[in-house]
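Work through the exercises below with the sequence and the model open. Try each task before reading its solution.

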Amino acid sequence: MSGEDRRWLSAAIALAERGKGRTGNNPSVGCIIVKDGIVIGRGWTQAGGRPHAEAVALEQAGSKAVGATVYVSLEPCAHESSRGPACTDTLIAAKPARVVGALTDPDPRTAGKGFVRLEAVGIMVERDAMATEARAGLAGFVTRMTKGRPHVTLKLATSLDGCIAMADGSSRWITGEAARAHAHLERARSDAILVGAGTVRADAPRLDVRLSGLESRSPRRIMLGSGDAPEGWEVIRTPQDIASLDCNSLIVEGGAMTASAFLRAGLVDRLMLYRAPVLIGDGKPCLGNIGLADLAAAHGSWQLSDTRMLGNNRFEVYEAIPCSQA
């Protein structure tokens with residue numbers, strides 16, 4: 001793949017980020033159409049999952065798409081849907097010269113069929129051209145397709161010594177304003193957010209997005225446990241029941257028992273840590289029993305993928321290392 005191809009495909013992958021948290025159980029895809037070095041169409045999956053990125057970009061390009069190069073972050077869909085035509089068919093009708101796809105679709109209804117059909121009519125195809133980068137952006141959809149559940153991010157906001165609250169339960173505010181704003185942005189990019197029943201009863205959390213202009217992007221609210229939930233909330237009994245949510249991404253925000261239960265069940269794919277420069281001492285720890293029987297087993301489970309300062313708080317992201325690689 002040429003440097004020019006990588007440039008445009010990277011841009012398509014970046015465009016896909018705009019739809020995160022808004023596409024339902026559809027993947028958020030980005031598409032850019034280029035002809036003679038000029039962008040003639042671009043798009044990303046729209047709210048609710050339709051129209052798809054390719055459809056948006058092709059509508060902009062119009063007849064100019066003939067002979068162009070289409071860069072797309074995920075293989076164009078090739079299966080029939082009552083909600084609209086397959087993107088493969090739309091692309092065939094538009095007659096581009098090339099399609100550069102970042103990742104083969106893990107959905108078994110497509111799973112390579114889109115690329116094959118494009119090649120069958122003479123369209124040049126480059127597949128899995130930036131698979132690692134695309135897979136990271138599509139982690140929610142890939143996890144749902146391969147594991148039958150949403151991609152789970154466990155968010156922890158702690159003191160330096162790992163506490164989430166004072167001994168009496170008071171916790172406002174451990175982290176600073178910049179860290180809290182970032183956490184709300186992560187909420188806006190997620191399909192659902194979950195806390196335990198104890199947290200719901202003790203704190204009555206809103207779990208909404210309180211960033212100007214993004215209020216409408218508040219995720220679905222899920223309670224883990226039993227008993228009545230507030231109006232508009234959904235209830236699941238066990239961490240394994242997240243499979244029933246039929247969504248791509250889930251943030252688990254606490255409390256400690258809920259966080260520990262997800263770790264114990266091996267259902268956390270990503271850790272998102274916000275650490276404030278304070279010491280609490282005899283406070284409430286962020287975790288309880290996570291089922292660790294031997295210290296050696298704690299090593300090789302997590303890999304740092306991002307770290308930065310948010311105001312005076314340290315933000316870190318760790319990705320779970322698959323057992324086969326640990």
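Buried means under 20% relative accessible area, exposed means over 50%, and partly exposed lies in between (1.4 Å probe, protein chains only). Helices (H or I, at least four residues) and strands (E, at least two) are DSSP runs, numbered from the N terminus. The model is predicted: local features need pLDDT of at least 70, side-chain atom pairs count only at pLDDT 80 or more, and totals for chains, interfaces and linings use all residues. Residues are numbered from 1 along each chain as its sequence is written, and side-chain values use heavy atoms, with hydrogens and water left out.

**Exercise 1. Strand β6 and its neighbours**

Find how many residues of β6 are buried, then find the bridge partners of β6.

Solution. 
- Step 1: cover. In β6, 7 of the 8 residues are buried, so the strand is mostly covered by the cut-off of under 20%.
- Step 2: pairing rule. Two strands pair if DSSP finds at least two bridges between them.
- Step 3: β12. Strand β6 (residues 151–158) and strand β12 (residues 270–275) run parallel and are joined by 6 bridges. Leucine 156 has leucine 273 of β12 as its bridge partner. Lysine 155 stands opposite methionine 272, also in β12.
- Step 4: β11. Here β6 pairs over 4 bridges, again in the parallel sense. Leucine 154 has valine 252 of β11 as its bridge partner.

**Exercise 2. The sheet that holds β6**

Write down the strand order of the sheet of 8 strands and name its edges.

Solution. 
- Step 1: order. The open sheet runs β10-β9-β8-β11-β6-β12-β15-β14, and its pairing is mixed.
- Step 2: edges. β10 (234–236) and β14 (302–310) each pair on one side only.
- Step 3: twist. From one strand to the next, the twist averages 25°. Axes are lines fitted to C-alpha atoms, for helices over the stretch in contact, and angles run from 0 to 180 degrees between N-to-C directions.
- Step 4: a helix across the strands. Contact means heavy atoms within 4.5 Å. Helix α7 (residues 177–188) lies across β6, β8 (192–196), β11, β12, β14 and β15 (313–320). It runs at about 160° to β12.

**Exercise 3. An aromatic pair**

Which residues form the aromatic pair, and how are the planes set?

Solution. 
- Step 1: rule. Rings of Phe, Tyr and Trp (its six-membered ring) pair if their centres lie within 6.5 Å; planes under 30 degrees apart count as stacked, over 60 as edge-to-face and the rest as tilted.
- Step 2: count. The structure holds 1 aromatic pair.
- Step 3: geometry. Tyrosine 274 and phenylalanine 315 form a tilted pair, at 4.9 Å centre to centre and 40° between the planes.
- Step 4: placement. Tyrosine 274 is in strand β12 and phenylalanine 315 is in strand β15, so the pair ties together parts that are 41 residues apart in sequence. Both tyrosine 274 and phenylalanine 315 are buried.

**Exercise 4. Backbone exceptions**

Locate two cis peptide bonds and two positive phi values.

Solution. 
- Step 1: background. Most residues other than glycine have a negative phi, and most peptide bonds are trans.
- Step 2: cis bonds. The bond from arginine 50 to proline 51 is cis, with omega near -5°. Proline 51 is in the loop between β2 and α2 (53–61). The bond from glycine 254 to glycine 255 is also cis, with omega near 5°.
- Step 3: positive phi. Alanine 111 has phi near 40° and is partly exposed, at 41% relative accessible area. Aspartate 128 has phi near 50° and lies in the loop between β5 and α5 (131–137).
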